[in-house]
Amino acid sequence: MRFSQYLIPTFRETPSDAEIPSQQFALKGGYIKKIAVGIYDLLPLGLRVIRKVEQIIREEMNKAGALEVMMPSMIPAELWQKSGRWYRYGKELLRIKDRGDRDYCYGPTHEEVIVDLVTNNIKSYKQLPLNLYQIQNKFRDEIRPRFGLMRAREFTMKDAYSFHATSECLDATYQRMFQTYTQIFKRCGLKFRVVSADSGAIGGNASQEFMITADSGEDAILYCDSCHYAANIEKATTRLTSSIHTGDPLPLKEVPTPGQRTIEEVSTFLNVPFTQIIKTLVYNFIPNSDLEGEIFSLAVVCLRGDYELSEVKLGHVLDARVLALASDRDIMDHLNAPVGFLGPIDLPADIKLLVDDSVASIINGVTGASKADVHYVGVCAGRDFPNDIVVDVKTVRAGDACPECSGGKLIQERGIEVGHIFKLGTKYSESMQAQFLDEQGKTQPFIMGCYGIGVGRTAMSAIEQSHDDRGPIWPIQLAPFEVIIITAKAEDTEQKAMAEDLYTKLMSIKIDVLFDDRNERIGVKFNDADLVGAPLRIVIGNKLSEGSIEFNFRTGEKRDVKASIAYDEIVSIIEALRHQID
């Protein structure tokens with residue numbers, strides 16, 4: 001491709017609203033153009049990268065026996081109403097009415113549609129297992145779209161769905177998809193970690209995320225320094241090595257704590273560590289079983305003072321459709337306790353008390369006395385407040401003990417979720433009455449798996465993981481061009497002839513090459529070449545008169561090469577780079 005005939009609208013200045021490197025370079029390099037909040041044009045350079053990601057995905061999914069389909073982006077409401085998600089999904093679901101006043105949504109995901117498709121076409125266990133996938137645009141009305149394609153409202157996703165007669169069959173396909181995803185991200189040239197994850201709005205009883213490790217990642221990952229354990233922070237657990245106590249149980253006692261409301265204040269005032277303080281939080285929630293209701297229930301949660309509460313974990317414990325921290329007025333009206341002094345002792349009988357396992361066996365703890373300026377000391381779980389509902393609702397942090405091995409400690413790093421695989425079980429098939437006939441002729445619900453990859457997010461993650469201050473350093477499998485050829489002087493007939501010869505030969509053997517044939521200053525060409533990020537830059541300049549040209553690698557290496565062997569050297573380098581990734 002000739003630069004003069006290609007659309008690459010590069011910019012010298014970084015857009016003011018670009019927050020992370022991938023967003024900055026995608027806009028500066030002419031890969032994407034913003035047309036609305038969270039909605040982007042894909043320009044030719046960006047589309048080339050996306051298509052390369054898609055090609056890798058297709059090859060590996062087809063190799064795994066999956067079949068490609070294409071489902072509609074506009075989905076009739078009755079399918080989502082049948083699954084119950086029309087009411088649960090929230091404002092991210094873009095709801096639309098057609099001219100006949102019929103309700104639709106723009107698909108953020110396609111579980112309902114695929115279940116309907118399979119229900120109408122698969123009747124017997126003999127037709128199972130079946131794994132169908134598509135690569136298609138989705139829309140989620142994100143409350144805070146940001147980071148360009150990383151968290152856009154409209155985005156490209158590969159989503160696959162498998163159907164099975166038995167759990168054992170699902171397990172086998174799930175493992176096959178695990179291996180397929182591993183190969184996909186290896187072929188993309190990315191460093192990644194697989195972590196246990198929360199299933200979120202998709203649901204199901206088990207899931208794992210494929211996380212690209214990067215400092216700019218939105219997600220926190222915790223992994224063990226001694227074993228294989230790794231989990232998203234929303235899913236991570238820890239092994240509590242001992243009960244928190246200060247000797248034999250003491251009698252419960254009230255002590256004045258005037259104006260001491262926060263954990264920090266109470267710790268300093270009473271000279272006790274955070275680990276001895278019981279934090280009490282109050283939440284309003286609406287359960288999933290109440291699909292259309294708006295009446296909140298109340299839950300009180302206790303956890304250790306040195307931990308923060310995980311609302312994701314709490315939402316699962318309560319099976320909450322809506323979850324919100326209770327207001328000061330709610331706490332006073334329902335629990336008659338002033339802000340900062342609530343505790344779990346002598347709560348009203350109709351209040352559900354959830355006790356995090358970090359305080360379930362606490363001895364001689366400290367907690368609010370549910371009256372102004374007073375705390376209890378000598379608090380013992382089970383003796384002074386009920387601990388019959390023990391849960392894990394804390395946010396685990398770096399330094400905590402590994403839950404799966406003895407002696408291991410958890411380390412935290414940042415990651416970008418690019419893939420997510422789920423064991424859905426019968427969540428959708430039961431609610432949508434999707435059934436098949438088993439070997440005995442009895443109707444059974446399909447057992448399902450679900451497997452997603454963010455295509456644009458994968459491409460942008462490559463930039464986050466490998467870039468310098470000038471632009472992307474693409475792995476060769478994703479680079480929009482593998483080679484860029486630059487002439488120092490476009491009007492120099494000898495340089496131009498050499499460039500044309502290399503360009504024609506490389507194109508003929510299907511090496512992706514961009515020839516910068518513009519009549520521009522060499523500095524402009526170099527800046528644009530950095531933004532294109534091709535692994536190999538060929539500079540044909542004044543040294544040609546001495547029989548050599550310059551090879552510049554995007555990683556920073558430079559060397560002079562004899563012009564007579566330049567073609568063979570380029571071919572050898574590109575083949576080696578391709579092989580290195582594969």
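View 1. Strands (E, at least two residues) and helices (H or I, at least four) are DSSP runs numbered from the N terminus. This is a predicted model: local features need pLDDT of at least 70, side-chain atom pairs count only at pLDDT 80 or more, and totals for chains, interfaces and linings use all residues. Residues are numbered from 1 along each chain as its sequence is written, and side-chain values use heavy atoms, with hydrogens and water left out.

**View 2. The neighbours of β32.** Strand β31 (residues 536–540) pairs with β32 in the antiparallel sense over four bridges; two strands pair if DSSP finds at least two bridges between them. Here V539 stands opposite E550. Strand β33 (residues 558–562) pairs with β32 in the antiparallel sense over five bridges, and K558 in β33 is the bridge partner of N552. β32 and β33 form a hairpin with four residues between them, and G556 in the turn has a positive phi of about 120°.

View 3. The side chains of D468 and R554 meet in a salt bridge (2.8 Å, N to O), a term for a side-chain nitrogen of Lys or Arg within 4 Å of a carboxyl oxygen of Asp or Glu. D468 lies in strand β27 (residues 467–468) and R554 in the loop between β32 and β33, so the pair ties together parts that are 86 residues apart in sequence. R554 has a relative accessible area of 5% and is therefore buried.

View 4. Helix α6 (residues 167–187) has 21 residues and should span 30 Å at 1.5 Å a residue, which agrees with its end C-alpha atoms being 30 Å apart; the expected span is 1.5 Å times one less than the number of residues. Its buried residues include L170, Y174, F178 and F185. The side chains of E60 and R187 meet in a salt bridge (3.0 Å, N to O). E60 is in helix α2 (residues 44–63) and R187 in helix α6, 127 residues apart. Just after α6, G189 takes a positive phi of about 75°.

**View 5. The K313–D392 pair.** K313 forms a salt bridge with D392, the closest N and O atoms being 3.3 Å apart. K313 is in helix α8 (residues 311–318), and D392 is in the loop between β21 (390–391) and β22 (394–395). K313 counts as buried at 8% relative accessibility, whereas D392 counts as partly exposed at 22%.

Technical notes: Buried < 20%, exposed > 50% of the residue type's maximum accessible area, 1.4 Å probe, protein only.
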